Amino acid sequence: MVKLLRAVIFDLDGVITDTAEYHYLAWKALAEDLGISFTREFNEELKGVSRMDSLEKILARGGKQQDFSNEEKEKLADQKNRHYLTLIKNITPSDILPGVKEFISDLKTRGIKLGLASASKNAFQVMELLGIKDQFDAIVDAREIKKGKPDPEIFLAAGKLLHVEPDECIGIEDASAGVESIKRAGMFAVAIGAKENFPEADLVFSSTAELSFENILEIYNKNLT
Ligand code: BG6
Ligand code: MG
């Protein structure tokens, strides 16, 4: 049976806007405060990963996981979040990444539903600042799920809210944990970034400016046959 593509579920940070850079800057500052080196390469492992899991990974990198109580870890995560909030406070609709607005309006014209699956507890706020929250038919953020990416729960929850089956959805991600989450949900995975970083993705665009529904449809339909 030929399946129709009925919904597109977006990741937020690094796909709709460049908040991935702000997460990077805020984690780097915290890590360096703790005497732990922090590189862009290591930061790739944190993309799509929840706040507390990211902190655990940073502490593990510095061999400091046992140095803090749970309460102290909460404080460290909060310190990072306060820094992050100061970085995002001036976000405006002009911070939507190139090509994303046009892609969204193309999807709307075609009657495709829009979902958001973000591991960030700040997702609603960022979507409000970008002025595009109301264009989305369903938003699932970190507060509503038990297991973060790479678990499929968040993409499955968004699909459910949109009343579509997983094989009628595509997910768009800039993180390998996110692409894994999409694939484990049984959806078609589009990645943004360097091809070699996403061997599991069904289609990779080097940047959001390249996003094209026509290209997605071509590969999606090929995968069906
Ligand atoms: C994801 C980001 O979207 O959200 C991660 O890719 C971030 O880098 C995670 O750690 C959690 O975000 P927040 O805003 O809840 O700390
Ligand atoms: Mg992301």
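1. Residues are numbered from 1 along each chain as its sequence is written, with chains lettered from A and ligands numbered from 1 in the order in which they are written. In this predicted model local features need pLDDT of at least 70, side-chain atom pairs count only at pLDDT 80 or more, totals for chains, interfaces and linings use all residues, and side-chain values use heavy atoms, with hydrogens and water left out.

2. Ligand 1 is surrounded by 14 residues, each with a heavy atom within 4 Å of it. Asp 13, Arg 51, Ser 120, Lys 121 and Asn 122 are the closest. By class the shell holds 4 nonpolar, 5 polar and 5 charged residues (Ala, Val, Leu, Ile, Met, Phe, Trp, Tyr, Cys and Pro count as nonpolar, Asp, Glu, Lys and Arg as charged, the others, Gly among them, as polar).

3. Backbone N or O atoms lie 2.8 Å (Gly 48) and 2.7 Å (Lys 121) from an oxygen atom of ligand 1. For Val 49, a polar backbone atom is 2.9 Å from a ligand oxygen. The protein buries 97% of the 400 Å² that ligand 1 exposes when taken alone (Shrake-Rupley method, 1.4 Å probe).

4. Domain 1 (7-18 + 93-223) and domain 2 (20-90) each supply at least three shell residues, the bounds coming from an automatic or database domain assignment.

5. The Lys 149 to Pro 150 peptide bond is cis, with omega near 15°. Pro 150 sits in the loop between β3 (138-140) and α7 (153-161).

6. His 163, not a glycine, has a positive phi of about 60°. Its place is in the loop between α7 and β4 (169-173).

Conventions: A polar contact is a pair of N or O atoms within 3.5 Å; within protein, one must be able to donate a hydrogen and the other to accept it, and residues adjacent in sequence count only if both atoms are side-chain atoms. Helices (H or I, at least four residues) and strands (E, at least two) are DSSP runs, numbered from the N terminus.
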